[in-house]
Amino acid sequence: MAGGRRRKLHFSKIYSFKCGKASFKEDHSQIGGPGFSRVVHCNEPECFEAEIHNYTDNSVRSTKYTLATFLPKSLFEQFRRVANFYFLVSGVLAFTPLAPYSAVSAIAPLILVVGATMVKEGIEDWRRKRQDIEINNRKVKAHQQNGVFNYTEWKNLRVGDIVKVEKDEFFPADLLLLSSSYEDAVCYVETMNLDGETNLKLKQALEVTSGLHEDTDFRDFKAIVKCEDPNANLYSFVGSMDFEEQQYPLSPQQLLLRDSKLRNTDHIYGAVIFTGHDTKVIQNSTEPPSKRSKIERKMDKIIYLLFFILFVMAFVGSIFFGVYTKEDLHNGKMKRWYLRPDNSTIYFDPKRAPAAAVYHFLTAVMLYSYFIPISLYVSIEIVKVLQSIFINQDVHMYYEEADKPAHARTSNLNEELGQVDTILSDKTGTLTCNSMEFVKCSIAGTAYGRGVTEVERAIGRRKGSPLANGKGNGDDQFEQSADPKPSIKGFNFSDERIMNAHWVKEPRADVIQKFFRLLALCHTAIPEVDEETGKVSYEAESPDEAAFVIAAREIGFEFYKRTQTSISLHELDPVTGQKVERVYQLLNVLEFNSSRKRMSVIVRSEEGKLLLLCKGADSVMFERLSNSGLDFEENTVDHVHEYADAGLRTLILAYRELEEDEYRKFNEKFNEAKNLVSAERDSLIEEVMETVEKDLILLGATAVEDKLQNGVPDCIDKLAQAGIKIWVLTGDKMETAINIGFACSLLRQGMKQIIITLEAPDIQALEKAGGKTELRKITEGIALLRNSSGSSEAFALIIDGKSLAYALEDDVKDMFLQLALSCASVICCRSSPKQKALVTRLVKAGTGKTTLAIGDGANDVGMLQEADIGVGISGVEGMQAVMSSDIAIAQFRYLERLLLVHGHWCYRRISTMICYFFYKNIVFGFSLFLYETHTSFSAQPAYNDWFLSLFNVFFTSLPVIALGVFDQDVSARFCLKFPMLYQEGVQNMLFSWRRILGWMFNGFISAIIIFFLCTNALETQAFNNDGKVVGFEILGATMYTCIVWVVNLQMALAISYFTLIQHVFIWGSVAIWYLFLLAYGALSPTLSTTAYQVFIEALAPAPSFWLVTIFVMISALIPYFSFSAIQMRFFPMYHGMIQWIRHEGRTDDIEYCNMVRQRSLRPTTVGHTARLAAKSRRVQDGNHSR
Amino acid sequence: MSSTTVPSSSGAPGSADASAVRRNSKRPKYSKFTQQELPACKPILTPRWVISAFMLVSIVFIPIGVASLFASHDVVEIVYRYDLDCIPASNRSNRADKVQYIQTPGDKTCNKSLTVPKRMKPPIYVYYQLDNFYQNHRRYVKSRSDQQLRDASSEGEVSDCKPEDMLSNGSYIVPCGLIAWSLFNDTYSFSINSAQVNVNKKGISWKSDREHKFGKDVYPKNFQSGGLIGGAKLNSSIPLSEQEDLIVWMRTAALPTFRKLYGKIEHDLEENQVIQVSLGNNYNTYSFNGKKKLVLSTTSWLGGKNDFLGIAYLTVGGLCFFLAMAFTIVYLVKPRQLGDPSYLSWNRNPGWH
């Protein structure tokens, strides 16, 4: 019965939405002109006129490459990197006689390296392709012929198709709404993916098409839509429809956008207007910016530094070479006659010594190319991919309920996760689940509700604090409330004094009755009665409104029917104890808006009493109370503060009985104002409302928990401990944002709040007068900060969207940033997606620190793309944020593990890895230089060609990859236990210039030690007992062996986590070198040239070879070993200290750990630790003053 | 290993069955590897480790050093620099004179007696040592043709050999290239009390070179017959694989000062015995101020005479011992509370919040 009625109910009359009818405005005159040329033949996409337009089909493509463009495009990408380009050039040069080594050996590693990267690119693009295919193959019902609707794939939709979209389905393209299952052709749309707003939007079709209710109605439906060309503007649509020889204007009210979702409506019919890449969503999506981590950018600088060193070395070598070459021929007399300087090519010609020197420079640049680690990029890519696999595989970041593991979508930002300085977080869906729960209330000065909020739970978990379970909310046992009950969405209230009709026995039962009746009446929700079970559910504009109605229902005031003029309840009669049906006449609804901060209804009860029921924010309600209603005001105020501190949203409920007379006067004025057609209409209405909403009698207060996601306060506390600043950027109302700030412990009582808003009426007036108030406010704020500097007082900045618009202007923004940075918490509310992105950019550019943005909705996309790292919450249905994020996690709380554990590890791994890379290449490259100084700078490499080219690829690459993938300074448990460790990344201590240069210096020292010791030990004398002396190939192989040993042992010293894998890789690399030497030496001398049998015949049998190797490798490590021994013992970094703790076995000694932690903790200003500290301070102060 | 997870089977996609959904769960499989919890040893440089590492190195190194030194001292070595001695006094004053002397054809034999300082047991290796001779110069190193040396049919592979690749009439030079062309041509003959001492010139080159790099059927051709004569000539009736002087010379030295094996004396040389050396001083090192030395040396298990390795081992061994002591003292004198956070740089700096 109810369903049938519901269908006939005209929602358009309850809500006062404005765009019910579009009229031909000036925009419409442009139709058909340039920019408005689209013509859609509805329901006849095959007809000739439709064909000639040839609009794109509905498939979307997000891949970077196609089969044809892959090769050229990805090659271009590869060689845009300086280092790769350099290797390409030197590879090409290697084919000329300039080359110091053979061309193949030079080009092979490059091909390997570039090839590997391209394969990776290809695989990533293939993944995107698969995602596209998945989306393109989704199914939707489309009109075939003769009123038959069949499922087709999204990609097959054409412009003009009629589709039928059912409840909770996404729209496959931009559709023109024709009709819906509702009589008046309205439908509810969730646009979460577009703008992140969770409230439902109402769309309504043109009246002329609203009658098309059945599939068969579309058999002969024909219409022509003329409209604007595809554009990115989500909120505008200009068009007209020719239907039955009449023209009707179209507005955004009729347009259903792709990626939004049909809600609360059984089905709709729509005509496809824009398809595929023409849709507004896709037009809106910008190419995701490719992000590079700070470390990689710094790495580029180091590579430039190495290039500089390389060129200096080559330059010096060339000068010497030129001089030596010139001297070879003097007045026709040859000096080094064995080089035949009299008959030479240009490269060695003494007569043209400067030219020879220039050519030599080129050769030398090629020779020293081993300074630049060719495999660095590819190794980093490999490492990062593997790191992201570990992130994806972490069971601790897997969200059971949604079956979502963490997903690192791009791998190039892993180490950036370890350096985050500021987190910019969205609120709804990120910090909160966007579900409201009624948890507590205060009625007639008595607090009810034993529910425990997330915040209280978090505080309670921190043991050793008597405050946590001190005076809660009037009850002293939290634990009892944890008894399992069938949970009702939106209701988490338990108090045996009220539940199950026990409220009748309470002393102020009358107030309680009024309280809940008010909740059941004062709202705009619509009930939906399940015909089978008789259960009622509600559709409300906002989840907190739903929570109130549900609460009322659960207590015994069931709202079950609404008509235009009445609200019907099932009520418990306190006298008889029976459920009775009561109908209230709904006279007026005084709507909510953000400046009024309250809403009222005027009803007439069955007894004929006129009641004004009002609920609103405490700031506006208390001043409207009548003096006679003050008897429990004080208690209520206390409770409200308590609730706010527990992170709850509070509303004050009050009522008043109206005299008939008074009401009549009001109603007249009200109607008069409503019917006014002028600019002052709204303010006039408000004025009228003001006149009745006064002298209210207080009933109590409600406390609704905007349910935080699991573990959010804990996570925020940990992140604060780690020294990460957290800003909240939300599109929500200021009060909501502040409440959540309290809930997350970003705000607390006693924090000085600097609120910058332009919404207050006085400021609006000022604004009209042209005063720049926000500037003044910011300056005031800064002054305030200056005054209080040194005191322990913490500041919080709360700014709303309008002010933000000014604050982000060029001349003010630095000041704004300065103010914001010195505040402990920053909350920006009512901010648009663009502002979110701008704030992110401001922080990023202004501080130069790493920013991380986290959000779940499409309105966060800009912010996610702008920030250094964008983290998308993949828990809820919206995929837009996830698609544009770099890393997707299912819950906010996983951020803790993502940053503190994975971020820290990845940062440490990558930075150590890069340092080590430079180290090993310097050892190798510099030894080449040292040798060259002994060949009169003739650019003769010390090693065989293939030794040279395989150094980076074979003998040293695997351990460094293992380091990058597996190394961990301390285990995950300790990372979380000592969040301060994270500061190593924020302050970039492991990749500071000092450390980098230190490693490079170490490389030079090692090279010198190796070269000096090898040449002196193997000098001129026989090196075995057979009298054989050391030739070029033996010295080369020995030095090379030493280098392989030294760099691998250095690796073993540098890592702090030795698993089997490390052992295999490190010792394996050394073994591979020996095996290679054997195998390569066994090849025919044509291939192996100087390495022919060198190991088996010369090196292995000679004891001096082994003695020299052992000696050199130990000696080359002594400097580093001593250094790190001293550092570890006397100047340990934070991770070193934790390693000590672990090593000393003091992890079991909780007291000791705490001591270390406490001493290393910085006093935080946000988070519940800070809140606890502040609270205990307050208590102490209180004790002192008494 | 992954006992906690349900094995993911290929459950029918789209099945509404709850258990099938479970089975398709994206839950990462638990394993110690994927969770990065592999058992590992996590070494840190504790005092005990540091001190014992240093001690161990010094304990190992010092004996090796001593042994190397002994080995080096066992070797008896006679080094005689003759490049100046073998030039008439009148030509010694400047380089031009020296060069002129060496380039003038004629017999340049000079005689010299050497005294054996200590008993030398055979085999006694005879080396020549050149100084300031850049056999490792890139132009020089590349100026050879390995194919030609190995294979008679590849006679024409002379592209790297310029300018010693072919004669002006177009016939190829075998062996081509600057290395072969500049073959060392001083000769030594030894006699004790007028009795000729035989110098064995077999087996002075690496076996692999003789057998695989220098062909048995490759004979010198047109060698040293161009306008400019570099060094020694070769007997064109002996295949390259038996021209051991050439083979030795062709293995280029790594550094500008080098020795090369000339031959072996397979006689005992007694202490204080006097050996007469007859030196054929033909090779021009004078234009580039190179020294020439004749070296007679025995070998030990470690090779020739060089104290460097022994001393280096002792030095590093000693250094490690010293470091071990130093660390011991420092650790004892200045123990510090572990995990003392006052060392942290960010705690020293009160400026940030």
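Mentor: Start with a term: two strands pair if DSSP finds at least two bridges between them. Strands (E, at least two residues) and helices (H or I, at least four) are DSSP runs, numbered from the N terminus. This is a predicted model, where local features need pLDDT of at least 70 and side-chain atom pairs count only at 80 or more, while totals for chains, interfaces and linings use all residues. Residues are numbered from 1 along each chain as written, chains are lettered from A and ligands numbered from 1 in written order, and side-chain values use heavy atoms, without hydrogens and water.

Trainee: OK. In what order do the 9 strands of the open sheet in chain A run?

Mentor: The order is 16-35-34-33-17-29-32-31-30, with mixed pairing.

Trainee: Which strands stand at the edges?

Mentor: Strand 16 (407-408) and strand 30 (752-756) of chain A. Each has a single partner strand, so one side of each lacks a neighbour in the sheet.

Trainee: Strand 17 and strand 29 of chain A: how many bridges join them?

Mentor: 4 bridges, and the two run parallel.

Trainee: Which strands does helix 25 of chain A lie across?

Mentor: Strand 17, strand 29 and strand 33 (850-855) of chain A. Helix 25 (residues 833-847) runs at about 160 degrees to strand 29. Axes are lines fitted to C-alpha atoms, for helices over the stretch in contact, and angles run from 0 to 180 degrees between N-to-C directions. Contact means heavy atoms within 4.5 Å.

Trainee: Switching topic. How many residues of chain A are in contact with chain B?

Mentor: 115, against 108 residues of chain B. The two chains bury about 10000 Å² between them, 64% of it on carbon and sulfur atoms. Buried area is the accessible area (1.4 Å probe) that two parts lose on being put together, summed over both.

Trainee: Which three residues supply more of chain A's buried area than any other three?

Mentor: A:Trp337, A:Tyr338 and A:Phe1130, with 9% of what chain A buries against chain B.

Trainee: And how many salt bridges across that interface?

Mentor: The rule finds 3. It asks for a side-chain nitrogen of Lys or Arg within 4 Å of a carboxyl oxygen of Asp or Glu. A:Glu1033 and B:Arg251 form a salt bridge, 2.8 Å from N to O.

Trainee: Which helix gives the largest share of chain A's side?

Mentor: Helix 38 (residues 1103-1130) of chain A, with 17 residues touching chain B.
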